[in-house]
Every structure is written in C-alpha cells, then in structure tokens.
Amino acid sequence: MGHFTPLNNNEQFKKDDDGLNVRARIENIYAYRGFDSIDAADLRGRMRWWGLYTQRRPGIDGGKTAVLEPEELDDKYFMLRVRIDGGRLTLAQLRAIATVSTDYARGTADVTDRQNIQLHWIRIEDVPAIWKILEGVGLSTTEACGDVPRVILGSPVAGVAKDEILDATPAIEEISERYIGSPEFSNLPRKFKTAISGLQDVVHEANDISFVGVVHPEHGPGFDLWVGGGLSTNPQFAKRLGAFVPMDEVAEVWAGVVGIFRDYGYRRLRTRARLKFLMADWGPQRFREVLETEYLKRQLLDGPAPAFVPPAERDHVGVHEQQDGDFYVGFAPRVGRVDGPTLARIADLAEAAGSGRVRTTTDQKMLILDVAADQVEPLVEALAALDLQVRPSVFRRHTMACTGIEFCKLAIVETKALASDVIDELEKRLPDFDTPVTVNVNGCPNSCARIQTADIGLKGQLVRDEGGRQVEGFQVHLGGHFGSDLDDEGSFGRKVRGLKVTAAALPDYIERVLRNYQKSRHEGESFAQWTVRASETELA
C-alpha cells in the first residue's frame with residue numbers, strides 16, 4: 001500500500017492491462033499472425049496468466065543465461081502448464097492431456113512437484129485448439145503461471161486415505177470456482193502458492209498459505225492455518241497463526257490472506273515481492289490481527305497444532321488400502337518425466353483395473369485410485385512394463401529434478417537426464433541401500449525442485465573441473481528436511497564450505513557421502529540427523 005506508481009517492468013505491464021485479458025489477443029490475433037506478432041509485454045508477461053512461458057532457445061549454454069537479453073533466449077515455442085488443482089484427474093482428462101502432448105507437444109509431458117503437467121514445443125497457432133481440448137474435459141491453464149494464485153495443492157488421496165482427518169476437496173473446489181480467473185486477485189505482487197490437505201502430504205511448510213488438517217477439542221475436524229512459506233534464494237518455512245478454520249470458512253480466510261498480499265505485499269523489488277518477506281517483517285501475531293480486523297471483520301478461533309507425520313510417507317508410492325477396502329497404487333516415473341503415449345497407456349491401465357481416477361503428487365509421482373484387490377498385482381506388473389515403478393529403489397523414489405536447461409530460460413545446467421543417469425548409477429553401486437534419502441536436482445538457484453529441504457540438494461551453477469575448465473556442476477546442500485515429528489520442525493540444508501561438484505562427478509560424490517553415512521551413522525539415525533554432526537571430511 002502506498003506504492004501506486006509502477007516501479008518495475010512487471011508492475012507496469014500489469015497496470016497497463018490485466019493479464020487475464022491476453023487470452024482474447026491469443027485467440028483472435030496471435031494464433032493467426034504467429035509468434036512474431038506477439039507484443040513483448042504479452043510474450044514475457046501476460047501470457048503467463050494463461051500458463052504459457054517461452055522456452056529456451058536450443059544451443060544456448062548456461063554461461064549465457066544471465067547475460068543475454070530475453071529476446072535472445074526466447075525460442076519461438078512455449079511451455080504450457082496444465083493446472084490440476086488437488087492433483088485430481090479423471091481418465092478423460094488424462095487422455096486429453098495425452099492427446100495434446102502427442103499431437104501438439106512432440107510427445108513431451110512432465111509431472112511437476114506442484115501436481116501440474118507441463119508440455120513443451122507448443123506453437124502459438126495451436127493454443128486455441130489445445131484450450132478447446134482441455135476445457136472440453138474440465139481442465140484449464142488459467143493462472144497456471146503469473147503473479148496470481150497458482151494451482152491449489154491437495155492430497156492425492158483425499159477422500160480415500162484411511163488416516164486423513166478430513167477430505168479437503170470441497171474447500172479446493174470452492175476457492176477454484178470463486179476466485180481463480182477473477183480480476184479480484186489477478187494482480188498480486190508475485191505468485192501465490194496454496195496447499196490444503198487433511199493429511200500432511202502437500203509440503204505445507206513451503207507454501208504462501210496452507211490449511212493443515214487438525215482436530216479441535218471442541219469443534220471437531222478442521223484446519224490449522226499456516227502463512228508465509230517459500231524457498232528460492234531466501235527460504236523460509238511458513239508460520240502458524242494459531243488459528244482454527246472450519247471447512248466452510250476456508251475460502252473466506254484464503255481470500256483474506258490473498259487480499260493482504262495484494263494490498264500490503266512488496267512490489268518495488270521483485271526479489272522481495274513474495275509473501276514470506278511481509279511475514280518476516282510483521283510476524284504471525286500482527287498478520288493475524290490484520291487478517292481479522294481489516295479483512296474478515298471477526299476473530300478466528302484459536303486451535304491446536306498438527307501432529308507431524310514422517311516425511312517418507314508423503315509421496316504415497318506403493319500399494320495402500322483405502323477407506324472402502326479398495327487400494328490405491330502409487331508409482332514413480334523417472335524424475336516426473338513421462339510422455340503422451342505413456343499417459344494414454346496409464347489411463348487404459350487404470351480403466352482395465354476398474355478405476356476412473358488418477359492423481360498427481362507433490363513429489364513428481366502419480367497414483368491410480370479405487371483398485372480392487374485382485375487387480376493390484378496385474379496393474380503393478382503392467383506399470384512396471386512402462387518403467388513406472390510401484391516398488392522402486394530408494395533412489396528412483398526419492399529423486400526429483402526441475403526442468404533444467406533443456407527448456408528453462410533461467411537454468412544454468414541440465415537436470416532431468418542427469419538425475420535419471422544418477423538413479424541408474426546409484427542403483428548399480430548401492431543395490432542394498434534402503435534408507436530414504438532425497439536427492440533434489442535444480443538447474444538454478446530458484447529451488448523449483450526444493451533443494452533446501454532435500455537430504456542432498458543440488459543447486460545448478462558453473463564450476464571448475466580438475467583441469468580448470470568451466471563446466472556444469474552444483475553447489476551441495478545437505479540435511480534439509482521438512483518436519484518429521486513434534487520435536488523436529490524441519491531445517492534447511494547445510495552448505496559445506498567450498499563444496500561443489502561437477503555434473504560428471506555427481507554419481508561418485510553421492511555414492512561417497514552415502515557410504516560415509518552408512519559407516520558412521522548411529523542406530524536409527526536419519527541422513528539429515530547425521531549431517532548435523534558429521535565432519536566436513538565425511539561430507540566432502
């Protein structure tokens with residue numbers, strides 16, 4: 001508030017025209033006149049409001065990422081992000097994405113750690129046809145990117161998990177229907193990330209706002225309110241406001257928090273425009289006071305803190321019994337990378353197993369719900385034939401990677417193929433390693449793959465090899481994790497002084513540090529706990 005004069009290019013183009021309005025120009029002008037007709041402010045700004053980013057021009061190495069002008073980095077193709085609130089997909093929706101991937105995106109498809117599916121090589125001329133296919137089955141790319149409320153994370157096992165406190169689906173649906181695509185929140189200081197779950201499987205600590213399932217001693221099941229989380233270059237865990245929110249009040253409270261961000265969030269500098277910076281300055285007490293007095297016009301109920309669950313249980317990989325006696329089957333693509341034909345085949349397998357519902361997770365995984373007991377093993381075998389492992393190694397299960405330099409204009413190094421190769425190498429070298437250790441690979445400092453909260457977090461940068469040559473490599477973060485119990489609220493990874501590793505040496509490094517862990521760990525000691533007391537020699 002008080003900053004009504006545009007102070008940077010992003011604020012200027014948002015003031016000039018609402019990003020939601022660019023759809024009409026895409027459908028009526030750009031799709032006919034082609035890429036070269038697109039206004040620059042639309043191309044690198046407003047088109048994000050409809051899930052479109054220009055992708056990286058092939059052949060530009062990481063050393064040029066920060067020095068070239070945007071028009072030099074831009075390819076004439078787009079990444080298109082399909083918004084999947086709650087990670088919920090019908091088979092018709094999954095088949096629609098598969099069709100778009102196969103017909104318009106050269107077969108590409110990546111499951112992200114925010115439950116979306118991203119496609120590449122999209123031509124502007126094809127976007128209206130793609131929207132028609134997606135919207136025909138109830139999917140959308142509305143506000144999948146941009147300074148807006150992004151996809152709403154939700155438990156992929158909402159309504160079927162035996163241990164969930166409550167099914168948050170009604171709250172997700174209400175927010176989506178009332179507010180997504182509304183001009184009320186289409187001009188925020190920066191992106192706004194939401195998570196709502198009756199379980200703790202949606203990384204609530206790292207979102208701008210999260211509603212975490214709890215049971216109030218007087219009012220029964222509801223949600224504990226968390227605000228101000230985010231990673232990137234200035235990581236901060238969300239703060240509890242100590243407020244209990246019943247299911248029917250979630251949308252109203254959500255809108256109040258987004259309103260605070262819209263009105264009070266910092267806009268002068270993009271680097272300080274996330275809600276976590278406002279929370280750091282205000283603190284939870286003042287934030288709750290402003291929320292109650294200025295936006296809700298009433299007091300919120302005080303409520304209990306949630307009891308934590310082990311982080312290893314958040315991804316839902318494997319075979320698990322549902323409330324109704326059927327099973328859900330969670331499987332692990334390689335670092336989230338699939339393709340159009342594979343997505344179509346997954347839909348076919350789900351249908352053959354008697355299921356009509358598929359889910360995506362916040363760990364780049366997928367689930368098939370509602371599988372009868374006698375269909376489980378045939379489904380597991382059929383998925384394995386597609387290299388979709390239901391009982392994966394710890395390395396396949398716990399390795400994630402962002403898009404990387406292959407398509408992303410911010411990236412410095414390659415990630416997806418490297419991470420896949422690392423999985424193969426570690427499975428060969430450490431075949432009996434059975435302790436969950438997360439390996440998160442990021443192509444730049446922005447932490448799209450949550451490097452600060454990984455056991456082994458790898459931040460892409462250019463490093464020097466033994467011969468002094470500048471090559472792709474990583475700064476290493478060790479021991480990061482989300483909260484695992486009431487006595488452990490989580491921590492960000494430890495950076496060992498001067499510890500950097502080249503991409504070529506990455507399998508050797510991970511093998512070495514994991515063997516050191518095996519040699520010197522105490523009984524029952526996690527990797528994250530071990531890194532706190534391990535010497536720099538053991539970690540190097």
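In this predicted model, Tyr-517 is buried, because its relative accessibility is 0% and the cut-off for burial is under 20%. Phe-527 is likewise buried, with a relative accessible area of 1%. One of the aromatic pairs joins these two residues: the ring centres of Tyr-517 and Phe-527 lie 5.4 Å apart and the planes meet at 80°, so the arrangement is edge-to-face. Tyr-517 belongs to helix 15 (residues 506–520) and Phe-527 to helix 16 (residues 527–533), so the contact ties together parts that are 10 residues apart in sequence.

In total, 19 aromatic pairs are found in the structure. Among them is the pair of Tyr-264 and Trp-282, which is edge-to-face, with 5.1 Å from centre to centre and 70° between the planes. This pair links distant parts of the chain, as Tyr-264 is in helix 8 (residues 250–264) and Trp-282 is in helix 9 (residues 275–282), 18 residues apart. Trp-282 counts as buried because its relative accessibility is 13%, and the limit for a buried residue is under 20%.

Ring pairs also form a cluster, whose members are Tyr-179, Phe-185, Phe-192, Trp-254 and Phe-261.

Contacts between a charge and a ring were examined as well. The charged end of Arg-106 is placed over the ring of Tyr-77, at 5.1 Å from the ring centre. Arg-106 also lies over the face of Trp-121, where the distance to the ring centre is 3.8 Å.

Technical notes. Residues are numbered from 1 along each chain as its sequence is written. This is a predicted model: local features need pLDDT of at least 70, side-chain atom pairs count only at pLDDT 80 or more; totals for chains, interfaces and linings use all residues. Side-chain values use heavy atoms; hydrogens and water are left out. Rings of Phe, Tyr and Trp (its six-membered ring) pair if their centres lie within 6.5 Å; planes under 30 degrees apart count as stacked, over 60 as edge-to-face and the rest as tilted. Helices (H or I, at least four residues) and strands (E, at least two) are DSSP runs, numbered from the N terminus. Buried means under 20% relative accessible area, exposed over 50%, partly exposed in between (1.4 Å probe, protein chains only). A charge sits over a ring if NZ of Lys or CZ of Arg is within 6 Å of the ring centre and within 35 degrees of the ring normal.
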